[in-house]
Amino acid sequence: MENYIAVDWGSTHLRAWHIADGACVNRLSLPYGVTRIAPGEAPEIFRRHIAPWRGASPLPVVMAGMIGSDAGWRPVPYLACPLPLAGIGRGLYEVEEQVWIVPGLKLEREGEYGVMRGEETQLLGAMRLAPAACCVMPGTHSKWVGLSGSSVERFDTAMTGELHHLLMHHSLIGKGLPAQRRDDRAFTRGLEKGLGEPSLVNALFATRAARVLGALAETAVADALSGLLIGAEVATFSRRYRAEQITLVASDALAPRYRQAFACQGIAVSLCSGEAAFLQGIRSIIDGRY
């Protein structure tokens, strides 16, 4: 299938791509994530901004992300892991004619619980582009996924991005700071500390103490904290997943930082952009359906 529409509809943004003859001919990015719109407003936003691309045919549309949550268009049940990657496409939920939402994944096993929406589509694409036994998708809620062949066996979530935001904006660590500047040295020091002391129980307050005592520049707190949190995440989950090579699905901003952390652990990295992984994931679902 060479003609379709791919939609990544998350918490804060709506992004869509119009694919014609296998190439992207239109795209949009709007601040209409499900947390920024009124309840029940999603179908109207879809009709206003995306439906005009469909023409008279109409083109099939596959949407992924928080649009399938109870805050989105319609709640779509999670698929339970372990799960073959191909099962993601077979679980599509139709909300209008030829308009589907991709289901999320869930993990409920021996006291372990996890959910994801949107990342499962990136995962599907990333495993086509750069297959590996472990896939890492950093962000507000970083996902680590363990695979066996073409099956998703387990996954874990680290609230790395959200913790960084909360600590910088709603804690003593970030209180009263001036504008932050990039500081690679502060990031590296934080990274080394996080890798060596991933519990963070003492290290978080020590970041504030270092700033108060003049050992850490006021403008470098954000990077020091970023290094600390990323280091703790990588140290914790690299031991759990025991991967010698991972596929990293990351933005241009986060990819170098995670690659530095993985290099410290001796882990080889194959890199995919989030957009490339998502679009390949949607393409895989479309190809499997048609």
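Student: Does Leu163 count as buried, exposed or partly exposed, and at what relative accessibility?

Tutor: The general rule is that buried means under 20% relative accessible area, exposed over 50%, and partly exposed in between, with a 1.4 Å probe and protein chains only. At 37% relative accessibility, Leu163 counts as partly exposed. A word on the source: this is a predicted model, so local features need pLDDT of at least 70, side-chain atom pairs count only at pLDDT 80 or more, and totals for chains, interfaces and linings use all residues. Residues are numbered from 1 along each chain as its sequence is written, and side-chain values use heavy atoms, with hydrogens and water left out.

Student: Where is the place of Leu163?

Tutor: Helices are DSSP runs of H or I with at least four residues, strands are runs of E with at least two, and both are numbered from the N terminus. Leu163 is in helix α4 (residues 160–170).

Student: How many salt bridges does the structure hold?

Tutor: A salt bridge is a side-chain nitrogen of Lys or Arg within 4 Å of a carboxyl oxygen of Asp or Glu. The structure holds 15. Take Arg240 and Asp156: their closest N and O atoms are 2.9 Å apart. Arg240 lies in helix α7 (residues 221–241) and Asp156 in strand β13 (residues 151–158), so the pair ties together parts 84 residues apart in sequence. Arg240 is partly exposed at 44%, while Asp156 is buried at 11%.

Student: What is the salt-bridge partner of Arg182?

Tutor: Asp184, with the closest N and O atoms 2.9 Å apart. Arg182 is exposed at 70%, and Asp184 is partly exposed at 43%. Elsewhere, salt bridges that share partners join Asp8, Arg15, Arg27 and Glu275 into one network.

Student: How many aromatic pairs are there?

Tutor: A pair of aromatic rings is described by the distance of the centres and the angle of the planes. Rings of Phe, Tyr and Trp (its six-membered ring) pair if their centres lie within 6.5 Å; planes under 30 degrees apart count as stacked, over 60 as edge-to-face and the rest as tilted. The count is six. One of them is Trp144 with Phe262, tilted, at 5.7 Å centre to centre and 55 degrees between the planes. Trp144 lies in strand β12 (residues 142–148) and Phe262 in helix α8 (residues 255–264), so this pair ties together parts 118 residues apart in sequence. Trp144 is buried at 1%, and Phe262 is buried at 0%. Tyr258 and Phe262 also form a tilted pair, at 6.5 Å and 45 degrees.

Student: Which residues form one aromatic cluster?

Tutor: Trp144, Phe237, Tyr241, Tyr258 and Phe262.

Student: What sits over the ring of Tyr78?

Tutor: A charge sits over a ring if NZ of Lys or CZ of Arg is within 6 Å of the ring centre and within 35 degrees of the ring normal. The charged end of Arg117 sits over Tyr78, 4.1 Å from the ring centre. Arg257 lies over the face of Phe187, at 4.3 Å.
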